[in-house]
Amino acid sequence: MLEDSSVDAELIEEQLSRISPRPVITRAVGKVSFIEALETRRFDIILADFSLPDFDGMAALDIASQMMPDVPFIFVSGVLGEDAAIEAFRRGATDYVLKQRLVRLSSAVERALAEARERQERKRAELHKELLVRELSHRVKNTMAMVISIIRRTAKGSTSIEDYQARLVSRVSALAGSHALLFQSNWGETDLGDVVRRAIEPHNTFASRVHLDGPDGVYVPPKSALSLGMILHELVTNAQKYGSLSGAQGKVDVTWEKVGKADDARVALRWCESGGPPVSAPQDAGFGTTLITQGAEYELHAESEIRYENTGLKYRVVFPLN
């Protein structure tokens, strides 16, 4: 409250005492104390006299508009002509109350505060929407880059148009499945068990021969969930075509555990095939092999190892949770 008259200040405070909760008032009597108050505290509303000995209300309004542009500013004055009132509104004043009609001050203050809160909520909503659009744009760019990479690399390793089509559809479907899981968690951290099950689910004809063993409540960030989903898809597809799931007796054990301390927590995931035909290392590393080795190291900052043992393929990846 910028007011040089102690009597008027008491009358104004009496009117403001009707507001619930009762406001805490900081009084300034001149230019120096007004600027000092604005520099040291944050206010919900500013009330100002129009005529002051060393200062005037319009100058106070200009200063307040610069220092606290979102804070309502109400003139409380004994003299404010029509021209001055119009100019005050043009320069950003919220309202004016004549001292001869202080009875309407409390309602004017409450209305100004309500309008300010509404503007703040609207601004927060617009900012939130802008952030969401930016985040969505970023994620779409990353997803499109991943899809383009899948298209190119799948074409390189395919033997025919039909083979290319089948591989491409399978990989893009796996990526879509991982995205669907992330959307269910509002693009937050996702339970690793759900990531593993979602990757295995499209191959549910082998569900009885794919054994999963790991604790619930191990949550991984979105980027890790996407990468793991693609890695597991490649492993199960490879097992179906060439590994343990290509025969009638083979099986796969998938295990995971949380290791390390809280500030250096990691996840160790293992893929172990057995009971299938003998396997050997491929002569040329295709897209799938590159994804589960170099891709894991790049995307997950992980340590990974793949072994082509006679009894079946073994794969291990250890990556940080944070």
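**Strands and helices in the model**

In strand S9, valine 254 is the bridge partner of leucine 212. This is a predicted model, in which local features need pLDDT of at least 70, side-chain atom pairs count only at pLDDT 80 or more, and totals for chains, interfaces and linings use all residues. Residues are numbered from 1 along each chain as its sequence is written, and side-chain values use heavy atoms, with hydrogens and water left out.

Strand S7 (residues 210-213) pairs with S9 (residues 251-259) in the parallel sense over 4 bridges, where two strands pair if DSSP finds at least two bridges between them, and where helices (H or I, at least four residues) and strands (E, at least two) are DSSP runs, numbered from the N terminus. S9 is also joined by 9 bridges to strand S10 (residues 266-274), and these two run antiparallel; here aspartate 253 stands opposite cysteine 272 in S10. S9 and S10 form a hairpin with 6 residues between them, and glycine 260 in the turn has a positive phi of about 85°.

In helix H2 (residues 31-40), Phe34, Ala37 and Leu38 are buried, buried meaning under 20% relative accessible area, exposed over 50% and partly exposed in between (1.4 Å probe, protein chains only). The exposed residues Val32, Glu39 and Thr40 are carried by the face of H2 turned away from its buried side.

Threonine 290 lies in helix H9 (residues 287-300) and counts as buried because its relative accessibility is 16%. The C-alpha atoms of threonine 290 and arginine 153 are separated by 10.0 Å, although these residues are 137 residues apart along the chain.
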